[in-house]
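Please read the points below with the structure open beside you.

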Amino acid sequence: MRATRRLPTLLLPVALVAPAAAQVKHHREIRYPPLPEFKIEQPRVVTLENGLTVFLIEDHELPLIRASARVRTGTYYEPADKVGLANLMATVQRTGGTKRMSGDEVDEFLAARAATIETGMGGDAGTASLDCLREDFDEVFRVFAEILREPRFAEDKLEVAKVQAKASIARRNDNPNGILFREFSRLIYGPQSPLARLEEYATIAAVTRQDLVEFHQRYYHPNNIFLGLVGDFDTEEMIAKVRRVLGDWPRGPEFELRQEPYRTEPNPGIYFVEKRDVTQASIAVGHLGTRVADDPDYYALQVMNEVLGGGFAGRLFSNVRSAKGLAYSVGGGVGAGYLHPGLFRVVMQTKSSTMAAGVEALREEIRGMLDHPPTEEELQRAKESILNSFVFNYDSKSEILFQQMTYAYYGLPSDFLERYRANIEKVRREDVIRVARKFIHPEQLTLLVLGNPDDFDRPLSRFGEVTVLDITIPAPPEQAPALERSRAALDAGRKILERAVAAIGGGQPEALRALRQDTTVTATAGGPSFSFSQSVTVAYPDKLHQVMRTPMGEQRVVFDGATLAATARGRTMPLGKEHQERIREDLRRDLFYVALRAAGGGVEAIAAGSGHVEGTPCDEIEITVEQSRSRLCVAADGRVLRQSFQGRHPLQGSPGTVEIFFGDYRDVDGHRVPFEQRLHFDGQEVLRLSVTGLEFDPPIAPDTFAVPAPAEAGAGGGG
């Protein structure tokens with residue numbers, strides 16, 4: 001007898017589906033019922049006697065508790081000559097520990113409990129957050145409170161934070177989009193406005209530990225803080241805990257809200273940033289936007305922005321990217337800030353060869369919002385898109401709590417969320433037409449383009465007079481002034497240099513023209529150490545071929561004296577003037593090149609006293625080779641024990657004090673060669689090099705310094 005298998009019965013709601021399908025012949029004819037009423041849970045809000053405002057929402061889904069503090073302060077409140085102070089304060093507030101615990105002890109304490117405490121700083125708010133298991137909350141919250149109230153601001157952690165800040169400055173011109181957004185903000189708000197100021201090496205160097213202490217004392221008071229708590233707790237018990245831990249924190253002076261200065265007059269024009277190591281053009285166009293709090297047209301503006309730049313259905317995406325195929329990415333709209341106007345900004349990335357066509361397309365869409373107002377279909381689609389996505393922005397109790405804190409922080413009504421959907425639904429076509437005319441001014445547009453002008457389809461000047469922006473990063477301040485060039489100091493310095501040259505040059509330094517060196521390199525900065533090997537061929541004065549075999553694959557750098565390029569993973573990227581100058585600086589400071597130039601009288605040396613390197617006495621000299629300055633510590637037998645100079649971190653690129661310690665000297669073809677080098681940056685060892693092979697004046701193939709052509713960019717502008 002054959003076995004039979006009973007299939008499960010599938011019940012379909014035929015009575016509901018069939019009539020609806022029968023009534024329409026196209027999906028656009030389907031009519032949906034009104035969205036159900038959207039209820040937003042209101043947090044419990046309590047203000048302690050010292051002014052601390054606490055927001056609480058219970059969430060028992062998981063045994064977790066999250067806390068978030070928002071402090072009335074921000075980068076807008078730091079002095080212009082110490083830009084970066086607020087961010088340094090927020091960083092070291094956490095890393096530097098508390099009066100009771102060091103920063104490392106805080107790290108260990110949190111790691112043992114799988115908890116986190118973080119601090120940060122925005123333009124108009126300081127932040128602190130906590131995440132932990134419910135069972136660990138009491139002790140973790142006490143540490144959180146200590147970080148808020150009594151940070152240690154350890155000096156060594158400040159120095160680490162400064163190195164990180166300088167590394168960020170050094171990299172700020174690497175990302176084209178970062179440059180575009182940064183410089184566009186400076187054009188609109190003004191470069192000296194707190195809304196657009198930049199951290200510089202000099203402003204970071206000017207910050208002291210006392211500055212951090214005073215900044216914290218000025219703003220971190222309970223009556224300046226909004227504290228939110230969400231998670232698995234009982235509200236009344238949590239209020240009691242907060243009162244026990246933070247209730248005795250004395251009230252401070254009332255916060256004075258500043259109206260930060262910014263450029264209020266339009267700044268129309270055409271601006272250009274040259275960046276020749278890119279294959280795309282980045283474009284931004286726009287002007288000043290508006291504020292949320294005092295603009296009754298805020299809701300109509302949101303609908304207008306959705307029509308213009310709202311995802312796949314917006315005009316920018318549909319027309320510029322999809323229909324014309326011009327953009328890799330495109331979007332934008334009129335920004336509305338909380339305490340100051342946002343920016344009306346439309347941005348796109350396109351092929352260099354379609355830069356001008358891209359500019360024309362953006363201008364056309366901006367003008368089109370006035371000349372060709374949204375249709376009823378566009379209006380309805382925009383409103384539906386906003387409303388359908390609205391609920392997903394507040395689908396967790398954490399999001400609701402922190403959004404309510406935001407509205408309270410900026411003085412918006414607590415029912416702003418509840419009113420949002422109703423006000424969006426009320427927006428009519430004539431409202432969108434009106435706000436487009438109110439907020440979009442084609443005659444006031446600021447246009448900024450970044451890219452390689454040699455690859456543009458048409459010169460940018462076709463659109464009008466062009467102002468070229470200089471984005472050069474100002475050099476860090478000198479750490480030590482140049483020594484006095486007295487005759488006695490020069491004579492003494494020359495004799496010390498001759499001693500070093502005799503050891504380095506092997507008696508005939510002027511005959512040295514090239515070398516090939518193999519090394520093993522161990523990097524010890526920023527986490528676990530890792531090692532790689534490298535081979536370097538140098539032809540003095542200015543040619544270099546370097547091959548690095550790293551865990552990430554082989555990387556190659558070639559410099560022919562005029563052009564520099566790097567190759568990795570089969571792709572070649574040209575490197576600009578800044579990287580070229582770094583290579584030249586390294587070559588000028590190379591000890592063998594110093595010996596070569598000194599033999600021809602091309603090195604100035606000034607005696608700088610005496611010292612010790614790891615117990616060995618030495619004479620110090622300051623040398624200058626083609627405007628590159630460094631200090632050498634030379635032992636009695638001519639060995640250079642240490643070289644120091646103001647340079648850059650070899651891995652991060654940030655500026656600082658570089659010290660190279662030379663050891664394990666060996667004789668090679670009459671030259672005294674250090675087979676070990678230890679490179680320190682701002683007092684910390686970051687690299688250790690061990691020589692595994694060395695050859696003076698080796699045979700060099702004709703194409704050794706031939707710079708490979710850059711890899712071809714992918715075709716198409718709409719990918």
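1. A cavity here is a set of grid points where a 1.4 Å probe fits but cannot get out, and its volume is the space filled by probe spheres set on those points. The model is a predicted one. In it, the second largest cavity has a volume of about 30 Å³. The count is two cavities of 30 Å³ or more.

2. Which residues line the second largest cavity? They are Ile504, Leu591, Phe592, Tyr665, Arg672 and Pro674. Helix H19 (591-599) and strand S26 (671-681) each give at least two residues to this lining. By type, the lining has five nonpolar residues, no polar residue and one charged residue.

3. The largest cavity holds about 80 Å³ of space. Its lining is made up of Tyr76, Tyr77, Asp124, Leu257, Arg258, Gln259, Glu260, Tyr262, Leu339 and His340. Of these lining residues, five are nonpolar, two are polar and three are charged.

4. Next, helix H3. This helix covers residues 103-111, and its buried residues are Gly103, Val106, Phe109 and Leu110. Seen down the axis of H3, these buried residues fall within an arc of 120°, so they line one face of the helix. The background is simple: an α-helix has 3.6 residues a turn, so residues three or four places apart point the same way.

5. What do the buried residues of H3 pack against? Their partners are helix H2 (85-95), strand S4 (116-121) and helix H4 (137-149). On the face of H3 turned away from the buried side sit the exposed residues Glu108 and Ala111.

6. Now the charged pairs. Side chains of opposite charge can pair when their charged atoms come close. In this model the count comes to 57 salt bridges. One of them joins the side chains of Lys438 and Asp297, with 2.9 Å from N to O. This pair links distant parts of the chain, 141 residues apart: Lys438 is in helix H16 (residues 429-439), and Asp297 is in the loop between strand S9 (290-291) and helix H10 (298-309).

7. Asp297 has 11% relative accessibility and counts as buried, because the cut-off for buried is under 20%.

8. Arg428 and Asp431 form another salt bridge, and their closest N and O atoms are 3.5 Å apart. Arg428 counts as partly exposed, at 46% relative accessibility. Asp431 counts as buried, at 11%.

9. A further salt bridge is made by the side chains of Glu626 and Arg597, at 2.9 Å from N to O. Glu626 lies in the loop between strand S22 (616-625) and strand S23 (628-634), while Arg597 lies in helix H19, so the pair ties together parts 29 residues apart in sequence. Both partners count as partly exposed: Glu626 has 28% relative accessibility and Arg597 has 26%.

10. Some salt bridges share partners. Asp295, Asp297, Arg428, Glu430, Asp431, Arg434 and Lys438 are joined in this way into one network.

11. Ala566 lies in strand S19 (residues 564-568) and is partly exposed, with a relative accessible area of 24%. Which residues is Ala566 in contact with, leaving aside its neighbours within four places in sequence? They are Arg556, Val557, Arg571, Thr572, Met573 and Leu575. The C-alpha atoms of Ala566 and Pro708 are separated by 8.7 Å, and these two residues are 142 residues apart along the chain.

12. Last, the protein as a whole. It has 19 helices and 27 strands. Of its 719 residues, 49% count as buried. Along the principal axes, the C-alpha atoms fill a box of roughly 100 × 90 × 65 Å. Among the contacts with a separation of 6 or more, 71% are between residues 24 or more positions apart.

Definitions and conventions. Residues are numbered from 1 along each chain as its sequence is written. This is a predicted model: local features need pLDDT of at least 70, side-chain atom pairs count only at pLDDT 80 or more; totals for chains, interfaces and linings use all residues. Side-chain values use heavy atoms; hydrogens and water are left out. Buried means under 20% relative accessible area, exposed over 50%, partly exposed in between (1.4 Å probe, protein chains only). Helices (H or I, at least four residues) and strands (E, at least two) are DSSP runs, numbered from the N terminus. The arc is that of the directions from the helix axis to the C-beta atoms. Contact means heavy atoms within 4.5 Å. On a 1 Å grid over the protein atoms alone, a cavity is a set of points where a 1.4 Å probe fits but cannot get out, and a pocket is an open set with protein on both sides within 12 Å along at least five of seven lines; lining residues have an atom within 4 Å of a point. Ala, Val, Leu, Ile, Met, Phe, Trp, Tyr, Cys and Pro count as nonpolar, Asp, Glu, Lys and Arg as charged, and the others, Gly among them, as polar. A salt bridge is a side-chain nitrogen of Lys or Arg within 4 Å of a carboxyl oxygen of Asp or Glu.
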